Amino acid sequence: MSEDPADDLTHTDESGNVQMVDVGDKPDTARRAVAAGTIHLQPSTVEAIHADDIGKGDVLATARVGAVQAVKHTWETIPMCHQIPITNVETTFDVGEDRVDLTVAVETTGKTGCEMEALEGVTTGLNVVWDMVKAAEKDDDGAYPDTAIRDVRVTEKTKRSL
């Protein structure tokens, strides 16, 4: 590490301008990243999800599609992300009494990791849940007192040589 921490930044050039990292000389590796997060909801909303009684349609199926789409398009929304070949996406929902947990696992074979893709999948998937249930979540004052997306994080990151 150099004396000036700015010298060690990988997304800036010698002049301090933002740049994409050059991964061209890196070897291809198999990579996997898993991210998770939670949306907290009113118990009545969760019951409506279970009963498939949300007016906009199947909440979890729609959120699954949104999560996968977000994974595949991360490079378009995160400025310095590389477009990577996604080889697999797994979405898992765990529905509790007053929450929906979403876990997204992403796999790729390439020169850079896929943790940003996993995070994008989780945040978009949970945003889709919110969009699908917002009418049920609204209180008499038009507020969303119990609705909150929390604890979005990377839970696993692996890399292995090919």
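## The start of helix α2

Let's begin with a cap: D58 sits at the N-terminal end of α2, with a side-chain oxygen 3.3 Å from the backbone nitrogen of L60. Helices here are DSSP runs of H or I with at least four residues, strands are runs of E with at least two, and both are numbered from the N terminus. This is a predicted model, where local features need pLDDT of at least 70 and side-chain atom pairs count only at pLDDT 80 or more, while totals for chains, interfaces and linings use all residues. Residues are numbered from 1 along each chain as its sequence is written, and side-chain values use heavy atoms, leaving out hydrogens and water.

## Along helix α2

With 14 residues, α2 spans 20 Å from its first C-alpha to its last, close to the 20 Å expected at 1.5 Å a residue. That expected span is 1.5 Å times one less than the number of residues in the helix.

Which residues of α2 are buried? They are V59, L60, A63, G66, A67, A70 and V71; buried means under 20% relative accessible area, exposed means over 50%, and partly exposed is in between (1.4 Å probe, protein chains only). Looking down the axis of α2, you'd see these buried residues fall within an arc of 135 degrees, so they line one face of the helix. The arc is taken from the directions from the helix axis to the C-beta atoms. As background, an α-helix has 3.6 residues a turn, so residues three or four places apart point the same way. The cover over the buried residues of α2 includes α1, α3 (74–77), β2, β3 and α4, with contact meaning heavy atoms within 4.5 Å.

## The sheet

Now for the strands. Four of them form an open sheet in the order β2-β3-β1-β4, with antiparallel pairing; two strands pair if DSSP finds at least two bridges between them. β2 (86–95) and β4 stand at the edges with a single partner strand each, so one side of each has no neighbour in the sheet. From one strand to the next, the twist averages 15 degrees.

β2 and β3 (residues 99–110) pair in the antiparallel sense over 9 bridges, and a hairpin joins β2 to β3 through 3 residues. V89 has V106 in β3 as its bridge partner, and I86 stands opposite T108 in β3. Helix α4 (residues 115–137) lies across β1, β2, β3 and β4, running at about 25 degrees to β1. For such angles, axes are lines fitted to C-alpha atoms, for helices over the stretch in contact, and the angles run from 0 to 180 degrees between N-to-C directions.

## A buried threonine

T38 is in strand β1 (residues 29–40), and at 9% relative accessibility T38 is buried. Its side chain makes a polar contact with the side chain of D101 at 2.6 Å. A polar contact is a pair of N or O atoms within 3.5 Å; within protein, one must be able to donate a hydrogen and the other to accept it, and residues adjacent in sequence count only if both atoms are side-chain atoms. Leaving aside residues up to four places away in sequence, T38 touches R99, V100, D101, L126, A148, I149 and R150.

## Two aspartates with positive phi

D52 has a phi near 55 degrees, a positive value in a residue other than glycine. D52 lies in the loop between α1 (43–50) and α2 (59–72) and is exposed, at 51% relative accessible area.

D151 also has a positive phi, about 60 degrees, although it is not a glycine. D151 belongs to strand β4 (residues 148–161) and is partly exposed at 48% relative accessibility.
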